[in-house]
Amino acid sequence: MSTATIFTIQLVLGYIPWLLFLGAYVWPRLKVMDRVDVQRAIATLHSFRFFGLIFLVPGVVGPNLPADFATLAAYGDFATGVLAMLALLTTRMRALFWFFVVAFNVVVTVDIIGDYYHGYQLGLADIAGQLGAGYDIVMIYVPLLMITHVVAFYVLIRAQSNVAPAVVRDVVVA
């Protein structure tokens with residue numbers, strides 16, 4: 001099997017366990033949480049995005065990893081992580097909090113889709129070994145990040161009124 005085929009299979013299959021985990025364990029809890037708490041949980045996960053700077057560290061990634069890909073991926077991750085941390089730091093200042101929530105979700109969505117596109121254009125699947133330790137980020141962490149952004153956008157647009165009846169029901173049952 002070629003490197004490109006293995007890369008593609010692993011990338012696609014990387015979404016399945018996270019979707020199963022989300023459906024079984026995470027989504028039932030998120031559905032009844034306040035929108036702010038959901039966004040805080042997602043921002044906490046994404047605050048570790050500074051880790052993407054490893055794409056710029058020689059020896060961690062291969063010397064033939066395209067510099068354009070590495071630079072965009074690293075700084076896109078870093079920007080997203082900083083925006084997620086700013087969202088967490090401004091939780092009590094709701095207008096600023098929501099600004100940073102929207103900002104980090106938009107930036108990361110553009111970043112991930114852009115990285116997928118850029119990686120495809122550069123033939124990254126054929127040289128996947130050049131990702132080095134970053135390979136794990138692409139296969140394990142990126143699917144989780146993309147899925148949680150879909151959740152974040154869903155929560156941003158869903159009506160807050162859907163949460164109150166569920167919370168009341170849980171309190172009455174308890």
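In the predicted model, Asp68, Phe69, Leu72, Ala73, Gly76, Asp77, Ala79, Thr80, Leu83, Ala84, Leu86 and Ala87 of H4 meet Phe97, Phe100, Val101, Ala103, Phe104, Val107, Val108, Asp111, Asp115, His118 and Gly119 of H5. Contact means heavy atoms within 4.5 Å. Helices are DSSP runs (H or I, at least four residues), numbered from the N terminus. The contact residues of H4 and H5 comprise 15 nonpolar, 4 polar and 4 charged. Here Ala, Val, Leu, Ile, Met, Phe, Trp, Tyr, Cys and Pro count as nonpolar, Asp, Glu, Lys and Arg as charged, and the others, Gly among them, as polar.

Helix H4 spans residues 67-89 and helix H5 residues 94-121. They pack at about 165 degrees, with axes 8 Å apart. Axes are lines fitted to C-alpha atoms, for helices over the stretch in contact, and angles run from 0 to 180 degrees between N-to-C directions. H4 and H5 are therefore roughly antiparallel, a label for angles over 145 degrees.

The second largest pocket holds about 220 Å³. A pocket is an open set of points on a 1 Å grid over the protein atoms alone, where a 1.4 Å probe fits, with protein on both sides within 12 Å along at least five of seven lines; lining residues have an atom within 4 Å of a point. Volume is the space filled by probe spheres set on the points, which are joined across faces, edges and corners. H2 gives the most to this lining, 5 residues.

Residues are numbered from 1 along each chain as its sequence is written. Local features need pLDDT of at least 70, side-chain atom pairs count only at pLDDT 80 or more, totals for chains, interfaces and linings use all residues, and side-chain values use heavy atoms, without hydrogens and water.

Conventions. Helices (H or I, at least four residues) and strands (E, at least two) are DSSP runs, numbered from the N terminus. Angles under 35 degrees count as roughly parallel, over 145 as roughly antiparallel, 65 to 115 as roughly perpendicular and the rest as oblique.
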